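Keep the structure open while you read.

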Amino acid sequence: MQQAMPVISIQHVTKTYQMGHVRVNALQGVSLTVERGEMLAVMGPSGSGKSTMMNIIGCLDVPTSGQYLLEGEDVRAMNDNQLASIRQGKIGFVFQTYNLLQRATALANVEMPLMYGNGHNRRARALEALERVGLAHRARHMPTELSGGEQQRVGIARALVKEPSILLADEPTGNLDTRSSDEILSVIQDLNRNEGLTIVLVTHETDIAQHTRRVVSFRDGLVVDDAPVAQPLLAGQHA
Ligand code: ADP
């Protein structure tokens, strides 16, 4: 039997930005392996390299040196078109600010990633994605008619609709109150626990990170800690 391949295999990755005469070493040699079905939090102070790392994982940028294999494919060897196509197929992005189209229904927002390419069963697939986040009954509502938590659930459904290999969530609860934040964590945890989706979540908050199974901490462009969460908190437990 073929051995299971990691979803993410990053070896000795560096990223250097040139700002005029100044070189910024945003990543100074990072190695990280993520197996299918993991759910991990990326933490670290501002400027520690989290966004740079997420951009590389999400194929929005490539390393200066080192290797990144995404499901075994060498991302560093790819041109912009290949990167775009891998990004659209394999990565589901969830943003802090949802980034929904305000003049489109929840359903139309979720259909958006399916507009290009094969539009087969577009509506049904979008509806199914909304069902997976418990929001099928709000499909015809406009974003302004939805709570913050519901809007973020639409954002998650939009990220899921193309069946990505990884969900990359950048501070997905950053704009939400405690209750809505718990609602979103519950949806994300269910996707990981029930569907085995691989999830990488960037957060500032220790409490949020404790809802994942593993915390990777960055400082000065390096991974300074990488440890399992002994007893992950379960969202959706409040009265
Ligand atoms: P974090 O997300 O943890 O706040 P970043 O990855 O954004 O950290 O930044 C790491 C370092 O790289 C910082 O010193 C930042 O100023 C620098 N940096 C990030 N992006 C760029 C860029 N496009 N050009 C130049 N420097 C950058």
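In this predicted model, the ligand has these residues around it: Tyr 17, Met 19, Val 24, Ala 26, Pro 45, Ser 46, Gly 47, Ser 48, Gly 49, Lys 50, Ser 51 and Thr 52. Sort that shell by class and you get 5 nonpolar, 6 polar and 1 charged residues.

On its own, the ligand would expose 560 Å², and the protein buries 64% of that. The elements that put two or more residues into the shell are β1 (8–19), β2 (22–34) and α1 (50–57). Which element gives the most to the shell? That's α1, with 3 residues.

Now for the largest pocket. The space in there comes to about 470 Å³. Its lining is made up of 18 residues, and if you want to find the centre, look for Gln 88, Ile 91, Phe 93, Pro 113 and Arg 158, which lie nearest to it. Three elements each hand over at least two lining residues: α2 (80–90), β6 (91–94) and α5 (148–160). By class, the lining of this pocket has 10 nonpolar, 5 polar and 3 charged residues.

Last stop: a couple of backbone angles. Cys 59 isn't a glycine, yet its phi is positive, at about 60 degrees. You'll find Cys 59 in the loop between α1 and β4 (65–70). Is Cys 59 buried or exposed? It's buried: Cys 59 has a relative accessible area of 0%, so it falls in the class that takes in anything under 20%.

Asp 220 is another residue other than glycine with a positive phi, this time near 50 degrees. Its place is the loop that runs between β9 (214–219) and β10 (222–228). What is the relative accessible area of Asp 220? The value is 56%, and because the cut-off for exposed is over 50%, Asp 220 counts as exposed.

Terms used:
Residues numbered from 1 in each chain as written. Predicted model: local features only at pLDDT ≥ 70, side-chain atom pairs only at ≥ 80, totals over all residues. Heavy atoms only, no water. 1 Å grid on protein atoms, 1.4 Å probe; cavity = no way out; pocket = protein on both sides within 12 Å on 5 of 7 lines; lining within 4 Å. Points joined across faces, edges and corners; volume = space filled by probe spheres on them. Helix = DSSP H or I, 4+ residues; strand = E, 2+ residues; numbered from the N terminus. Nonpolar A, V, L, I, M, F, W, Y, C, P; charged D, E, K, R; others polar. Near = heavy atom within 4 Å. Areas by Shrake-Rupley, 256 points an atom, 1.4 Å probe, with all protein chains shown as cover. Buried < 20%, exposed > 50% of the residue type's maximum accessible area, 1.4 Å probe, protein only.
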